[in-house]
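Subject: Handing over a structure

Dear colleague,

I am passing this structure on to you, and below it I have set out what was found. Please look at it first and then read the notes alongside it.

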Amino acid sequence: MAAGRDGGRHWAVVALFSFAVLTPAGAASAAALPVVINTWAFRTAAETAWRVLELGGSELDAVERGCGQCEIDQCDGSVGYGGSPDESGETTLDAMIMDGNTMEVGAVADLRRVKNAIGVARKVIEYTKHTLLVGESASLFAVRMGFPYEDLTTQKSLSLYSEWLNQSCQPNYWKNVVPDSSKSCGPYKRPEEVTYKEEQTSSKRSIRNHDTIGMVVIGVSGTVASGTSTNGAIHKIPGRVGDSPIAGAGSYADSTAGGAAATGDGDIMMRFLPSYQAVEYMRMGTDPTVACQKVISRIQKYAPKFFGAIICANTTGSYGAACNKIPGFTQFHFMVSSPLLSRPTEQVVDCI
């Protein structure tokens with residue numbers, strides 16, 4: 001287990017758990033520390049992160065190991081190797097991790113041939129003065145940090161790619177190009193005379209594509225850490241980077257306020273820095289559930305049909321979530337681990 005960067009604020013026994021009752025404006029909710037909350041019903045990730053805390057690991061350790069478990073499990077095919085091939089058939093990974101004490105962030109994007117993306121992101125914090133490394137250079141850095149090169153392609157990802165080619169490369173992420181990207185595969189190019197088509201902003205993601213693990217861990221002393229890991233949008237244009245590895249978009253942690261993590265259509269959501277915005281709402285005293293809802297409502301004004309959700313937790317251990325209601329996506333499932341619960345528990349919220 002990597003050494004923690006939380007100022008030594010570890011806990012190891014149940015006796016150190018703290019309990020509190022938070023009474024935000026308009027509602028009262030029980031709260032306790034520590035707390036682990038993560039997007040979707042990724043139970044093994046939640047269990048792994050909670051176990052790290054029980055064994056005395058830091059909040060950063062818990063985030064790294066929890067999200068790393070999803071990379072191993074290939075959660076829903078949307079995290080880790082062997083999923084979401086781009087339009088060249090290659091699987092690439094994005095991840096970030098954030099220390100809410102120091103505000104340091106480590107992130108990688110378009111990472112190739114290295115499976116443990118969030119582990120590499122952690123090394124960006126520990127061994128560089130940078131925040132985000134991308135592409136082949138991120139892979140070279142990973143190798144220098146001791147991570148092995150491994151093939152991220154599997155029979156499943158090859159099958160997904162083959163099926164997509166056989167469907168005339170539908171859906172894809174091109175527009176205003178020739179040949180017509182809505183009817184055929186590329187290579188595409190810009191037309192000599194550009195005629196822009198009006199497109200209503202909506203998600204091209206399948207609702208079944210759960211897309212990202214985002215996790216927030218708040219320790220017994222209120223120390224916050226957060227992180228994400230994903231293999232991104234399926235059939236994306238090579239080089240595309242979404243919200244997951246971007247601080248304030250994919251996740252955000254601030255030990256003076258709380259933490260948040262987003263999931264969904266990153267191309268839309270990253271434009272609004274939803275995780276940062278949610279934490280700032282909580283800093284002003286807004287209840288975590290309301291903070292999440294306010295973030296979703298803001299995005300709805302510009303992209304009413306976007307696919308997305310967000311989880312929020314403040315430094316008392318109170319937490320919440322919200323999602324955008326669209327056909328096929330009316331509820332959002334997420335995991336919570338807390339001293340108030342006998343085990344990591346799947347919870348659900350109705351979308352708005």
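**What was found**

Tyrosine 149 is found in the loop between α4 (135-144) and α5 (155-166), where helices (H or I, at least four residues) and strands (E, at least two) are DSSP runs, numbered from the N terminus. This is a predicted model, in which local features need pLDDT of at least 70 and side-chain atom pairs count only at pLDDT 80 or more, while totals for chains, interfaces and linings use all residues. Residues are numbered from 1 along each chain as its sequence is written, and side-chain values use heavy atoms, with hydrogens and water left out.

With a relative accessible area of 41%, tyrosine 149 is partly exposed; buried means under 20% relative accessible area, exposed over 50%, and partly exposed in between (1.4 Å probe, protein chains only). Together with Leu140 and Val143, Tyr149 makes a nonpolar surface patch of about 270 Å². Patches are made of residues with over 30% relative accessible area and no salt bridge, with like charges joined within 9 Å and nonpolar side chains (Val, Leu, Ile, Met, Phe, Trp, Tyr) within 5 Å. A salt bridge is a side-chain nitrogen of Lys or Arg within 4 Å of a carboxyl oxygen of Asp or Glu.

**The chain as a whole**

The secondary structure of the protein chain comes to eight helices and 14 strands, and of its 352 residues 55% count as buried. The protein chain exposes about 14800 Å², of which carbon and sulfur atoms supply 52%; accessible areas come from the Shrake-Rupley method with a 1.4 Å probe, and for residues only the protein chains shown count as cover. Among the contacts in the protein chain with a separation of 6 or more, 64% are accounted for by residues 24 or more positions apart, a contact meaning heavy atoms within 4.5 Å.

As for confidence, the protein chain averages a pLDDT of 89, and 86% of the residues score at least 70, pLDDT being the predictor's confidence in each residue, from 0 to 100. Over residues 1-29 the pLDDT is below 50, although this stretch has 69 contacts in the model beyond near neighbours in sequence.

**The disulfides**

A disulfide is a covalent bond between the sulfur atoms of two cysteines. The structure holds four disulfides, each counted as a pair of cysteine sulfur atoms within 2.5 Å, and, with bonded cysteines counted along the chain, they follow the pattern 1-2, 3-4, 5-6, 7-8. Cysteine 67, by contrast, is in no disulfide, and the nearest cysteine sulfur, that of cysteine 70, is 7.3 Å away. Cysteine 67 is buried, with a relative accessible area of 0%.

One of the disulfides is formed by cysteine 169 and cysteine 185, whose sulfur atoms are 1.9 Å apart. The torsion about the S-S bond of this pair is about 95°, so the disulfide is right-handed. Both cysteine 169 and cysteine 185 sit in the loop between α5 and β7 (213-218), 16 residues apart; cysteine 169 counts as buried at 4% relative accessibility, whereas cysteine 185 counts as partly exposed at 26%.

Cysteine 292 and cysteine 312 form another, with their sulfur atoms 2.2 Å apart, and this link is right-handed, with 135° about the S-S bond. Cysteine 292 lies in helix α8 (residues 288-300) and cysteine 312 in strand β11 (residues 308-314), so the pair ties together parts that are 20 residues apart in sequence. Cysteine 292 is buried, with a relative accessible area of 0%, and cysteine 312 is buried, also with 0%.

Cysteine 323 and cysteine 351 form a disulfide as well, their sulfur atoms lying 2.0 Å apart. Here the torsion about the S-S bond is about -105°, so the disulfide is left-handed. The pair links distant parts of the chain, with cysteine 323 in strand β12 (residues 319-323) and cysteine 351 in the segment after β14 (345-350), 28 residues apart. Cysteine 323 is buried, with a relative accessible area of 0%, and cysteine 351 counts as buried at 9%.

**Two further residues**

Aspartate 110 has its place in strand β5 (residues 105-111) and is buried, with a relative accessible area of 10%. Not counting residues up to four places away in sequence, aspartate 110 touches Thr92, Leu93, Asp94, Gly135 and Gly239.

Methionine 103 is found in the loop between β4 (93-99) and β5, and counts as partly exposed at 32% relative accessibility.
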